[in-house]
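Please consult the sequence and the coordinates while going through the points.

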Amino acid sequence: MMNPQFPLNRVEMEFSQWKAREERFNTLFSITPAENRSLLAEKLRQFDRIRAKYRYSKNIEEQHTLRILKMEIRRMSKQLYPNPISRILRNIITSSQNQLSLRSDAKKHETNFNLLNEKVQNIGFPDLSEKIKNLIDKEQENFTVPLSYYINEKEKINHTLSFSKNAEGHFELDGFKSSLQNNSAPGNSREYYFKNGLENDFKLNEVYNLLSGRCVEHNHSWFQLDFNDRDASGNYHLKEFRNEYAYDLEKTLKAIPLKEISSQYEMEKLKNTLRQGDRVSAVLIKNGRENQVYIEANPQFRSLNIYDQHLRKAEITSSKKETETLPKQSVQRGIKCKIQQ
C-alpha cells in the first residue's frame, strides 16, 4: 500500500503488481523465480520494461526505486546469463524491443485518451482533458473526476465520473453519478448513477431533466426516474415506457388548444425538444383568451403536464374548437422551445 505522505510512485506500483503475480504463481504451481528459470526470465523482462518506461521520470521517489531496480536487474541477469558476451547481446536486443514496445504503448495510450475524451465531451461535460490525462498518466487501476456547477441561482448539480482499466489495460468510462441539489429544499437531493452504455448514454441536459422528474425519450422508449421506488442499494429505479406503450406525442399535442403550429417542421422541432425532457413555453387558448403556459411530456398517462406562468399545475377545460375562429399563428408567436430552469 502506498504511503499517502509521498507522491505516487509508479515504479513501486508496477513492482507491487508483479509481486502479486509472483505470489499467485507460487500458490498455483508452488514455484518461485529462484527455482524456475522461465519465471525468472519473465521477471527480468518485466523489470527491464519498467526501468525503460520510467527511466526519465523526474519523481525523486521513482528515481530512487529505479536505482534499486537496476541493481536487481543486474543480479538476475548474471544469474540467467553467466557469460558476459551473452549478457551484452541480450541487453542490446532487450533495449531495442523495449523502445519499440514503448512507442507502440504510447500510440495506444494516445488513442485511448482521445476516445475517452471524445466520449466525455459527447455526453456534454466541459473540457476535462487535462484532468483525465494527468490521472491516466498516474497508471492507477481506476480513478474518479468530480465536477460541480450551478444550473441557476437555486439549483446545483454534482457529477462524479468513474474510470477504470479494462482487460486490455485501456481506460474506460464506467459511468457517472449525478446529484441535483435545490437550495429551497436542502434535504431533498436527488441522485442517480448512469452506467456507461446501459442507460442509453443520456446527455447532460437530459440528466438534469431526469433528476428534475421529467421524462426523456431514447430509441423509441421514454424514461423517468421513480422517486418513490428504490432498489436494495437505495438507488432510484428508472422507469421505461416502450414504443408499444402507445404514447403518441404529436396526437397529444394536437388534442389540446394550443396556438396552431405553422408547419410539420415546427411540430417536429417541438416534439424533439419535449423528447429531451425540456419544459417548453407555449400559448394555450382558454375561454377565447391566450394564456402563457409551460408543457412537459407525460408518457405514463399519455398526456402532457401543463403549468401556468407561476409553474402551478393548470387544468384544461376548454375545447380545441375555441381556436377555430382565431387566425393561425406561427410557432415564433405560439410555442417557444426553451428550457425553464
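The numbered points below concern a sheet, its hairpins, some backbone angles, the aromatic pairs and a surface patch.

1. The structure is a predicted model. The remarks that follow should be read with that in mind.

2. The sheet of E8, E9 and E10. Three strands make up an open sheet, arranged in the order E8-E9-E10, with antiparallel pairing. Its edges are strand E8 (280-286) and strand E10 (303-307), each of which pairs on one side only. On average, neighbouring strands of this sheet are turned by 50° against each other, direction ignored.

3. Pairing of E8 with E9. Seven bridges connect E8 and E9, and the sense is antiparallel. One of the residue pairs can be named: Val283 has Gln292 in E9 as its bridge partner. The hairpin formed by E8 and E9 has two residues between the strands.

4. Asn287 belongs to the loop between E8 and E9. Is Asn287 buried or exposed? With a relative accessibility of 59%, Asn287 counts as exposed, because the threshold for that class is over 50%.

5. Pairing of E9 with E10. Strand E9 (residues 289-298) is joined to E10 by five bridges, and the two strands run antiparallel. Several facing residues can be listed. Glu296 is placed opposite Asn305 in E10. Ile295 has Ile306 in E10 as its bridge partner. Asn298 is placed opposite Ser303 in E10. The hairpin of E9 and E10 has four residues between the strands, and in this hairpin Arg302 adopts a positive phi near 50°.

6. Cover of E10 and the segment after it. How many of the five residues of E10 are buried? Four of the five are, and E10 is accordingly described as mostly covered. Leu311 is located in the segment after E10. Its phi is near 60°, a positive value in a residue other than glycine. Leu311 has a relative accessible area of 41% and is therefore partly exposed.

7. Over the whole structure, a search finds twelve aromatic pairs. One of them is formed by Phe143 and Phe171, with 5.3 Å centre to centre and 55° between the planes, which is a tilted arrangement. Phe143 is in strand E1 (residues 142-150) and Phe171 is in strand E3 (residues 171-182), so this pair ties together parts that are 28 residues apart in sequence. Phe143 counts as buried because its relative accessibility is 6%. Phe171 likewise counts as buried, at 4% relative accessibility.

8. Aromatic pairs, the stacked example. Phe176 and Phe194 form a stacked aromatic pair, with 5.4 Å centre to centre and 25° between the planes. Because Phe176 lies in strand E3 and Phe194 in strand E4 (residues 185-195), the pair ties together parts that are 18 residues apart in sequence. Phe176 and Phe194 are both buried.

9. The aromatic cluster. Which residues form one aromatic cluster? The members are Phe125, Phe176, Tyr192, Phe194, Phe202 and Phe223. The stacked pair of Phe176 and Phe194 thus has both of its rings in this cluster.

10. Ile85, Ile88, Leu89 and Ile92 make a nonpolar surface patch of about 420 Å². Where is Ile92 placed? Ile92 is in helix H4 (residues 84-123). The relative accessible area of Ile92 is 54%, so Ile92 is exposed.

Terms used
Residues numbered from 1 in each chain as written. Predicted model: local features only at pLDDT ≥ 70, side-chain atom pairs only at ≥ 80, totals over all residues. Heavy atoms only, no water. Patch = residues over 30% accessible without salt bridge, like charges linked within 9 Å, V, L, I, M, F, W, Y side chains within 5 Å. Areas by Shrake-Rupley, 256 points an atom, 1.4 Å probe, with all protein chains shown as cover. Salt bridge = Lys/Arg side-chain N within 4 Å of Asp/Glu carboxyl O. Buried < 20%, exposed > 50% of the residue type's maximum accessible area, 1.4 Å probe, protein only. Pairing = 2+ DSSP bridges. Axes fitted to C-alpha atoms, helices over the stretch in contact; angles between N-to-C directions. Phe/Tyr/Trp six-rings, centres within 6.5 Å; stacked < 30°, edge-to-face > 60°.
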